Amino acid sequence: MHDAPSAKELIEAVKSFLDKTAMVQLQGHAAFHARVASNALATVLREMEQRPAAEARERDRLQALLKSDEADVGKLNRKLCEEIRTKRVDLGTPGLLTHLKSTTIDQLSVDQPGYSGLRTAAR
Amino acid sequence: MARPFFRVIVAKMGTVTDIEKGLSDWAVAHYGAAAAIAGLRRLSGGASQETWAFEVEAGEKSEPLILRRAPGGTAAARSSEAITLAIEAALLDATDKAGVRVPGVRHVSPPGSVLGEAFVMKRVAGETLGRKILRDAEFETARTRLTQQCGEALARIHSVPLSGLPNLPTSLGRNQIDKYEAVYREFDLPRPVFELAFAWLKDNEPEPADPVLVHGDFRLGNLIVDENGLAAVLDWELAHIGDPREDIAWLCVNSWRFGQTENRVGGFGQLDELLDAYAAAGGARYRPADIDWWEIMGSLKWGVMCMTMYGAFKTGADPSVERAAIGRRVSENEIDLINLFEGLGRHA
């Protein structure tokens, strides 16, 4: 399979069309949705760049926290939720809040990097 | 697939004619034979509520008014949580008598009438957009007064005698944990931060306060602010009988600070000042630590609500890009919860 243009280039082209051509010609609700669509593509671009490394870090932390060699991050998170629900892990568990904070900072850096709560967390 | 959309369009065409006729008949009956309706326009496309602006012109006078109406004029489409429009109108009267600034109700229209289930209220001038209220120069004086005014308004809302109120749902802290946990579990999308928040809320639930009238959505966006500050409290759809700390904390939830995160109260004020104004106006004396549990509840609640809005995309009920994208805002509530947990550690 070729990648000329690559998936990233195609998304950038569509985003540029939305920003520079479509949005200026739309009004009201349609203009609002075009802006949301452009922001969604920006999220996809950030995710393509940041997710592999962020998810690898999340996996390492979850494996350490749960003393598990499970490789599937989804299954690890399910396990962590179960541990919290059954009170085997709580706010006082060493490493839990640090892990959740790092994971959420990585997630928000993809989802909404301008969110005010991210600045608070970084302080 | 096209049929439901076709029915909606037909219903909307009927709607405008019905509304014009219903309002014209009412205006003639109340303002005299020379009265007429002008400038009828739809302001918002809310799923649970239609909002229309119009003027009644009678001779030299022109009165700006708002029509709140159930979609299509029938109550069936309103969400299960929302109170009926007749109850909302009754609450505006009751809180007006308690000294809360609310738009005066001019007319209540019953289900089955030409206008449908609806009420007409005064149109109060001012701004509702949080970002403008927090940033624009014209609200500089307003911003210095809002904390005090919100404290007073909340104390007055919470002082309304329950005996005179229409039948409202009761929802205390524990009811809300159970309700939002059930919604969260239904999605089967495990999020450890939410899991931790539910567990912590259950383990640290405060003694319930004496139940009061709670607005349920008291925050920028639902308040009309003019250059002098708070002009009117709107959007009583989520009113219920509950814990007064719920309203105080909801105004503090970071999602409603619109980026001005250093000001815990709505992006414009400090909690000590709000609590002082609240107590001075007859409310209970709370400390900032009393508000933490309810602010964590509020951030979690809004996170679950954002999941629900994404759920509408996921199921195909609302295939818009906006509903899809809101699922990527749930992490905002997760970081707010983590910041709140870290704050608890510092206070302890």
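Where does Gly59(B) lie? Gly59(B) sits in the loop of chain B that runs between β2 (50-58) and β3 (61-69). Please keep in mind, as we walk through, that this model is predicted. A residue counts as exposed if 12 or fewer other C-beta atoms lie within 10 Å of its own, and Gly59(B), with 9 C-beta neighbours inside 10 Å, therefore counts as exposed. From there to Asp217(B) is a step of 158 residues in sequence and 39 Å in space, taken C-alpha to C-alpha.

Let us turn to the helices of chain B, starting with α8(B), residues 271-280. Its buried residues are Leu271(B), Leu274(B), Leu275(B), Ala277(B) and Tyr278(B). Look down the axis of α8(B) and you will find these buried residues within an arc of 160°, so they line one face of the helix. What do the buried residues of α8(B) pack against? Their partners are three helices of chain B: α4 (140-159), α7 (244-250) and α9 (288-314). After α8(B) comes Gly282(B), with a positive phi near 105°.

Helix α9(B) also meets α6(B). Two packed helices are described by the angle between their axes and the distance between the axes. For α6(B) and α9(B), the axes come within 10 Å and cross at roughly 145°, and the crossing is left-handed. On the α6(B) side, the contact is made by Phe194(B), Ala197(B) and Leu201(B); α9(B) supplies Trp293(B), Ile296(B), Met297(B), Leu300(B) and Gly303(B). Sorted by class, this contact has seven nonpolar residues, one polar residue and no charged ones.

Now for the place where the two chains meet. Here 29 residues of chain A are in contact with 26 residues of chain B. On the chain B side, the elements that give two or more residues are α6 (192-203), α10 (321-326) and α11 (330-347). The largest share, eight residues, comes from α11(B). The residues of chain B that touch chain A divide into 12 nonpolar, six polar and eight charged.

Our last stop is in chain A, at helix α4(A), residues 96-111. Its 16 residues, at 1.5 Å a residue, should span 22 Å, and because the end C-alpha atoms are 22 Å apart, the two values agree. Which residues of α4(A) are buried? They are Leu96(A), Leu100(A), Thr103(A), Thr104(A), Gln107(A), Leu108(A), Val110(A) and Asp111(A). Seen down the helix axis, the buried residues of α4(A) fall within an arc of 150°, so they line one face of the helix.

Note on methods
Residues are numbered from 1 along each chain as its sequence is written. Chains are lettered from A and ligands numbered from 1 in the order in which they are written. This is a predicted model: local features need pLDDT of at least 70, side-chain atom pairs count only at pLDDT 80 or more; totals for chains, interfaces and linings use all residues. Helices (H or I, at least four residues) and strands (E, at least two) are DSSP runs, numbered from the N terminus. The expected span of a helix is 1.5 Å times one less than its number of residues. A residue is buried if 20 or more other C-beta atoms lie within 10 Å of its own, exposed if 12 or fewer, and partly exposed in between; C-beta atoms are placed from the backbone. The arc is that of the directions from the helix axis to the C-beta atoms. Two residues are in contact if their C-beta atoms, placed from the backbone, lie within 7 Å. Ala, Val, Leu, Ile, Met, Phe, Trp, Tyr, Cys and Pro count as nonpolar, Asp, Glu, Lys and Arg as charged, and the others, Gly among them, as polar. Axes are lines fitted to C-alpha atoms, for helices over the stretch in contact, and angles run from 0 to 180 degrees between N-to-C directions. A crossing is left-handed if the near helix is turned anticlockwise from the far one by less than a right angle, and right-handed if clockwise.
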